[in-house]
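Have a look at the model first, and then we can go through it together.

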Amino acid sequence: DKLCTTKLQDLLDILGFPDALDGAVEMAQNAICGFFSVEKRSAKVDFLLESSFIETVKRIYNQLKEYGSDFVCGAKIQELLDLLGVDDRLDSAVAYVQKLLCPEEDALESSSSASALQAYGSSELMID
């Protein structure tokens with residue numbers, strides 16, 4: 001019962017897991033507590049999710065571009081998430097955009113486009 005009412009960050013702290021495992025812990029919590037049922041999504045739902053994700057990445061890209069590469073390339077992902085006011089679950093999207101804006105830099109936290117888009121079934125993303 002406590003598992004189902006405990007916040008994700010608190011569970012990570014209790015279990016002693018790093019923040020990088022938040023997705024796995026959240027998935028386990030959802031499965032155990034019955035927060036979702038496993039059903040195959042339709043192609044239409046997949047298309048809508050992918051379109052929504054791509055639009056979100058484009059919006060993040062345009063917002064971060066306004067801050068300039070000096071700031072964006074030196075910022076941590078969590079700082080950028082807070083600045084943008086987006087959910088922490090978009091950390092891979094923000095990291096992907098940071099990598100796009102800082103191709104010559106070693107971003108403090110980065111992620112490949114494959115991992116940023118893995119849940120959406122896309123292998124490539126182009127920013128207009």
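A patch, as used here, is made of residues with over 30% relative accessible area and no salt bridge, with like charges joined within 9 Å. Asp and Glu count as negative. Please keep in mind that this is a predicted model.

**The negative patch**

Which residues form the negative surface patch? They are D10, D13, D19, E79, D82, D88 and D91. Two helices, α2 (8–15) and α6 (77–84), each supply at least two residues of this patch. Another member, D91, is found in helix α7, which covers residues 91–101. D91 has a relative accessibility of 33%, and it therefore counts as partly exposed.

**The salt bridge**

Side chains of opposite charge can pair when their charged atoms come close. How many salt bridges does the chain have by the rule used here? The count comes to one. In this salt bridge the side chains of R89 and D87 meet, at 3.0 Å from N to O. R89 counts as exposed because its relative accessibility is 58%.

**The nonpolar patch**

There is also a nonpolar surface patch, made by I14, L15, F17 and L21. Its area is about 370 Å². For nonpolar side chains, the joining distance is within 5 Å. Where does L21 sit? L21 is found in the loop between α2 and α3, the latter being residues 22–33. With a relative accessible area of 38%, L21 is partly exposed.

Here are the residues with their accessibility side by side:

| Residue | Relative accessibility | Class |
|---|---|---|
| D91 | 33% | partly exposed |
| L21 | 38% | partly exposed |
| R89 | 58% | exposed |

These classes follow from the cut-offs: exposed means over 50% relative accessible area, buried means under 20%, and partly exposed lies in between.

**The chain as a whole**

Stepping back, what does the secondary structure come to? The chain has eight helices and zero strands, and from the N terminus on its elements run α-α-α-α-α-α-α-α. The chain has 128 residues, and 30% of them count as buried. Its accessible surface comes to about 8,700 Å², with 52% of that belonging to carbon and sulfur atoms. Among the contacts with a separation of 6 or more, 49% are between residues 24 or more positions apart.

Terms used: Residues numbered from 1 in each chain as written. Predicted model: local features only at pLDDT ≥ 70, side-chain atom pairs only at ≥ 80, totals over all residues. Heavy atoms only, no water. Areas by Shrake-Rupley, 256 points an atom, 1.4 Å probe, with all protein chains shown as cover. Salt bridge = Lys/Arg side-chain N within 4 Å of Asp/Glu carboxyl O. Charge placed at Lys NZ, Arg CZ, Asp CG, Glu CD. Helix = DSSP H or I, 4+ residues; strand = E, 2+ residues; numbered from the N terminus. Buried < 20%, exposed > 50% of the residue type's maximum accessible area, 1.4 Å probe, protein only. Contact = heavy atoms within 4.5 Å.
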